[in-house]
Amino acid sequence: RGPEVQDVAALGGTFDHLHVGHKMLLSVAAAVARRGLFVGICGDSLLDGKQHAAGMQDWDTRAQGVLQFVARLRPHLRVTVEVLNDPYGAALRPEARTLVVSAETESGGGDP
């Protein structure tokens, strides 16, 4: 049995230099979202002190990478990207019924 499909899903991350791990996470999120997907992309406040932060792509470049990748998978899925300034972001939206997390971020995916 696969993951349960919901109307709206949410996920968040840095999404710097979109790689296979990001693509897998976004693919699962797109697969479980029937109508919409909220993607929180880390803003500068969450990057402070992060290793290699100086070499990261700017927010707009990372957002465009996410939007373009999801559009190739699900062209008609409504995708909203927003700056993630705290650990929760889009996960707190009441319409987001599913939170998609990786094994790496699963411990932070619980209730705020």
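Reader: In what sense do strand 1 and strand 4 pair, and over how many bridges?
Author: This is a predicted model. In it, strand 1 and strand 4, the latter at residues 98-99, pair in the parallel sense over two bridges.

Reader: Which residue in strand 4 is the bridge partner of A9, and which is that of A10?
Author: A9 has T98 as its bridge partner in strand 4. For A10, the bridge partner in strand 4 is L99.

Reader: And in strand 2, what is the bridge partner of A10?
Author: There, A10 has F38 as its bridge partner. Strand 1 and strand 2 also pair in the parallel sense, over seven bridges.

Reader: In what order do the strands of the sheet lie?
Author: The order is 3-2-1-4, in an open sheet of four strands with parallel pairing. Strand 3 and strand 4 are the edge strands, each pairing on one side only.

Reader: Why is strand 1 described as largely enclosed?
Author: Strand 1 covers residues 6-13, and six of its eight residues are buried, so the rest of the structure largely encloses this strand.

Reader: What handedness does the β-α-β unit have?
Author: The unit made by strand 1, helix 1 and strand 2 is right-handed.

Reader: Let us step back. What pattern does the protein chain follow along the sequence?
Author: The pattern is β-α-β-α-α-β-β, from three helices and four strands. The protein chain has 112 residues, of which 34% count as buried.

Reader: What share of the contacts joins residues at least 24 apart?
Author: The share is 78%, taken among contacts between residues at least 6 apart in sequence.

Reader: Now to the helices. Which residues of helix 1 are buried?
Author: They are H22, L25, L26, A29, A30 and V32. What covers these buried residues includes strand 1, strand 2, helix 3 and strand 4. Helix 1 itself has 13 residues and reaches 18 Å from its first C-alpha to its last, close to the 18 Å expected.

Reader: How many residues does helix 3 have, and how far does it reach?
Author: Helix 3 has 15 residues, at positions 59-73, and reaches 22 Å from first C-alpha to last, close to the 21 Å expected.

Reader: Which of its residues are buried?
Author: In helix 3, the buried residues are R62, A63, V66, F69 and V70. They lie on the same side of helix 3, because the arc they cover around the axis is only 135°. On the other side, D60 and R72 are exposed.

Reader: What covers the buried residues of helix 3?
Author: The cover includes helix 1, strand 2, helix 2 at residues 44-47 and strand 3 at residues 78-84.

Reader: Which residue caps the N-terminal end of helix 3?
Author: That residue is D58, which has a side-chain oxygen 3.2 Å from the backbone nitrogen of D60.

Reader: Is T14 buried or exposed?
Author: T14 is buried, because its relative accessible area is 14% and the cut-off for buried is under 20%.

Reader: What is T14 in contact with, leaving aside its neighbours within four places in sequence?
Author: T14 is in contact with I41, C42, L47, K50, M56 and R62.

Key
Residues are numbered from 1 along each chain as its sequence is written. This is a predicted model: local features need pLDDT of at least 70, side-chain atom pairs count only at pLDDT 80 or more; totals for chains, interfaces and linings use all residues. Side-chain values use heavy atoms; hydrogens and water are left out. The expected span of a helix is 1.5 Å times one less than its number of residues. Buried means under 20% relative accessible area, exposed over 50%, partly exposed in between (1.4 Å probe, protein chains only). The arc is that of the directions from the helix axis to the C-beta atoms. Contact means heavy atoms within 4.5 Å. A polar contact is a pair of N or O atoms within 3.5 Å; within protein, one must be able to donate a hydrogen and the other to accept it, and residues adjacent in sequence count only if both atoms are side-chain atoms. Two strands pair if DSSP finds at least two bridges between them. A crossover is right-handed if, with the strands pointing away from the viewer, the path from the first strand over the helix to the second runs clockwise.
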